[in-house]
Amino acid sequence: MHFPTAGNPFVRHLRVWHAVVASLVAAAAFLVLPPSDDGVRSVPGSPCRPVDSAREDTPVTPDLDGDGFVDLVHEISRSLKVDVVVVPGSERGPDHDSTTVLTQDGLGVPDDIQVGDDPFQPTVADLDDDGHADLVVSGAASVLWGGPEGPQAGGPHGRVPLPGNGYHTAPIAGDFDGDGHTDLAVFKHSGEEQGELVVLKGPFKRSGAPARTVEIPSPVHQGASPVLVAGDANDDRATDLALYDSPWDPPLLFTGGARTASGLGKEPERLPEGENIVFGDFDGDGHQDIAIGRSFVDSYDEVDTPHRRGQVSVRYGKEPEKWITMDGGGFKEGFGTRLAVGDFNGDGCDDLAVQLTKKKEEGDARIEVLRGGSEHGLGSKPWHSAKRSVPGDDGPDDGTLFAVHDWDGDGRAELTLLGGDRWWITDGTGRDEASFPVTPSKNQGS
């Protein structure tokens with residue numbers, strides 16, 4: 001990936017020279033293989049990989065420079081400031097020595113944008129149908145347009161015109177009407193008024209203007225702040241949209257490909273209660289399944305967790321009317337706080353990474369991996385467990401689940417944990433493949 005170097009005032013090109021970090025990287029083990037065309041390597045004789053598997057044409061993402069390797073992209077929003085950290089992918093996983101920080105000015109994010117303190121993954125998608133990935137950042141929906149070498153700081157900018165205000169995160173991407181063009185969806189918070197679900201139809205102009213904007217009255221109660229997740233729950237190639245994390249409403253699922261202005265169905269499906277949703281093929285039959293986590297841990301630590309185990313509810317694509325619920329972890333351990341999907345052993349069935357968190361504001365976390373299989377789908381017992389910590393001012397700071405991708409293109413996914421200003425990349429067995437800081441040490445130049 002070629003971004004402008006440190007001479008450009010809009011970007012800081014970071015090279016990590018610290019001896020401890022260098023020794024961690026030198027000791028890391030990687031299987032160096034070229035990536036497959038779709039980011040998933042076929043396993044001969046695997047019962048988890050049918051001939052018509054929907055996974056076969058899934059491109060790797062986020063891949064900003066189009067080299068076939070997933071890039072680690074992280075938005076840091078703190079104190080009215082927005083930066084995006086980009087760690088380019090390689091055959092050895094994220095190349096942290098080539099880490100680049102795209103600053104707020106270089107991204108075209110206005111100074112008055114509302115920001116939060118949580119880590120976000122910016123949206124990476126081809127908005128203008130030119131074949132190159134674009135970068136959509138923050139609640140301002142600023143766009144840094146892509147090219148053969150990826151989006152570049154100070155390069156062509158745009159801004160998606162969102163109606164009104166009250167946007168805290170970047171819109172998510174999907175083809176909600178199934179017309180082959182990338183659309184965006186975002187939830188507009190309106191304070192004491194009813195919010196709205198906003199769908200922006202592609203293709204987008206270089207100014208950032210969509211082909212059409214559709215505003216849908218909020219399907220959740222007033223004051224709710226749902227998270228949006230895109231996936232294909234019915235294998236019709238149109239993207240479906242899930243909303244979750246409202247304290248008053250169950251998760252909702254809008255079916256895509258509908259004959260409506262937005263492409264989304266008029267009435268969402270109510271799903272089992274939970275605080276997060278993921279899509280994956282856990283039984284390898286080529287149909288997308290849905291998993292919902294419910295930890296029973298309150299968002300505020302002063303509220304006691306009930307004396308019960310957390311849960312994951314699963315609906316398999318072959319049985320869309322049936323939900324299976326699995327208990328996990330111990331009592332009050334918060335099994336199901338966060339979920340992520342990936343094929344950690346390369347057998348063709350997706351596995352499920354489940355975070356356990358006893359107290360959400362204290363950084364207490366570990367991750368368990370449930371193995372997918374062709375006969376039964378997900379098993380209820382953990383296959384492997386991982387926990388990473390660094391010292392903090394108030395005790396150990398645990399790494400929490402940030403993302404799951406096949407970082408080195410070997411056909412097996414890895415976990416990415418973030419905590420204490422540090423990344424950990426671990427394989428499905430819990431072994432570290434890399435560990436490095438999010439930003440360079442303070443004595444480094446910028």
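How many bridges join E3 to strand E4, and in which sense do the two strands run? Three bridges link E3 to E4 (residues 100–102), and the pair runs antiparallel. Within that pairing, Val84 sits opposite Leu102 in E4. Keep in mind that we're looking at a predicted model here.

**The chain as a whole**

The chain has two helices and 30 strands. Of its 446 residues, 55% count as buried. Its accessible surface comes to about 19500 Å², and carbon and sulfur atoms hold 48% of that. As for contacts with a separation of 6 or more, 50% of them come from residues 24 or more positions apart.

E3 is mostly covered, with six of its seven residues buried.

Which residues is Leu107 in contact with, leaving aside its neighbours within four places in sequence? The answer takes in Val82, Asp83, Val84, Leu102, Leu135, Val137, Ser142, Leu144 and His157.

**The E5 to E8 sheet**

E6 takes us to an open sheet of four strands, ordered E5-E6-E7-E8 and paired antiparallel. Strands E5 (123–125) and E8 (157–159) stand at the edges with a single partner strand each, so one side of each is left without a neighbour in the sheet. From one strand to the next, the twist averages 25°. E5 is joined to E6 (residues 134–137) by three bridges, and Ala125 has Asp134 in E6 as its bridge partner.

**The E9 to E12 sheet**

Further along there's an open sheet of four strands in the order E9-E10-E11-E12, with antiparallel pairing. Its edge strands are E9 (172–174) and E12 (212–217), and each pairs on one side only. On average, neighbouring strands in this sheet are turned by 25° against each other, direction ignored. Strand E11 (residues 196–201) pairs with E12 over six bridges, and Leu197 stands opposite Ile216 in E12.

**A covered strand: E17**

Is E17 mostly covered or mostly exposed? Strand E17 (residues 276–280) is mostly covered, with five of its five residues buried. Asn276, Val278 and Gly280 point one way from E17, while Ile277 and Phe279 point the other way. E17 runs antiparallel to strand E18 (residues 289–294), and five bridges join them. Phe279 stands opposite Ile290 in E18.

**Strand pairs side by side**

| Strand pair | Bridges |
|---|---|
| E3 and E4 | three bridges |
| E5 and E6 | three bridges |
| E11 and E12 | six bridges |
| E17 and E18 | five bridges |

Definitions and conventions: Residues numbered from 1 in each chain as written. Predicted model: local features only at pLDDT ≥ 70, side-chain atom pairs only at ≥ 80, totals over all residues. Heavy atoms only, no water. Pairing = 2+ DSSP bridges. Axes fitted to C-alpha atoms, helices over the stretch in contact; angles between N-to-C directions. Contact = heavy atoms within 4.5 Å. Buried < 20%, exposed > 50% of the residue type's maximum accessible area, 1.4 Å probe, protein only. Areas by Shrake-Rupley, 256 points an atom, 1.4 Å probe, with all protein chains shown as cover.
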